[in-house]
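Please read it alongside the model.

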Amino acid sequence: MYEKTYPNKRFKHTIAFLQKHVSNSQTILDLGVANPFTTIMQEHGYTVKNTKGEDLDLDVSNIESSKANVVTAFEIFEHLLSPFTVLKTIKSDKLVASVPLKLWFSSAYRSKTDKWDRHYHEFEDWQFDWLLEKSGWKIIDRQKWTNPTKKLGVRPILRWFTPRYYIVYAERI
């Protein structure tokens with residue numbers, strides 16, 4: 001089902017976590033443009049609408065007008081200067097969101113060529129928890145997983161043991 005170029009481990013963990021908390025009878029607003037994971041959600045029976053690629057730091061109109069039961073944000077908040085604004089704007093009562101975790105042995109990701117693929121934040125789990133709490137969300141469940149590579153070296157070995165991704169299911173307080 002997943003092509004070899006996709007991040008298979010992350011996608012498998014993400015869809016399993018989503019299925020644990022969201023029935024496929026609920027509609028989803030997925031923050032970010034349609035992507036390979038949008039297709040995976042649809043293949044699992046979810047009705048998904050994506051935002052249109054607008055800069056969510058500046059334009060939250062699609063979030064404000066959404067009637068979706070659930071909002072998902074998979075590796076989106078690290079690209080925003082102000083994820084707090086987006087989190088406060090969400091009207092649905094359910095949120096499933098994942099972020100890459102800050103790795104103590106590796107610099108934050110940055111692209112020098114793609115203006116959209118920049119990380120303004122790489123969170124520690126407690127920082128993301130506080131952001132959610134301050135913006136009116138209560139975390140019901142959370143999970144972390146590693147992202148090992150097949151390269152040699154100290155950092156690749158550390159990636160086998162150090163969690164890279166953090167996902168939460170939260171409900172509006």
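F77 and F128 are both buried, where buried means under 20% relative accessible area, exposed over 50% and partly exposed in between, with a 1.4 Å probe and protein chains only. The model is predicted, so local features need pLDDT of at least 70 and side-chain atom pairs pLDDT 80 or more, while totals for chains, interfaces and linings use all residues. Residues are numbered from 1 along each chain as its sequence is written, and side-chain values use heavy atoms, without hydrogens and water.

**Aromatic pairs**
- The whole structure holds 7 aromatic pairs; rings of Phe, Tyr and Trp (its six-membered ring) pair with centres within 6.5 Å, and planes under 30 degrees apart are stacked, over 60 edge-to-face and the rest tilted.
- F11 and F37 form a tilted pair, 5.2 Å centre to centre with 50 degrees between the planes.
- F11 is in helix α1 (residues 8-21) and F37 in helix α2 (residues 36-43), so this pair ties together parts 26 residues apart in sequence; helices are DSSP runs of H or I with at least four residues, strands runs of E with at least two, numbered from the N terminus.
- F11 is buried at 9% relative accessible area, and F37 at 4%.
- Ring pairs link F77, F123, F128 and Y166 into a cluster.

**Strand β4**
- In β4 (residues 94-100), 6 of 7 residues are buried.
- β4 pairs with β3 (residues 70-74) in the parallel sense over 5 bridges; pairing requires at least two DSSP bridges between two strands.
- β4 and β6 (residues 163-172) run antiparallel, joined by 7 bridges, with V96 opposite Y169.
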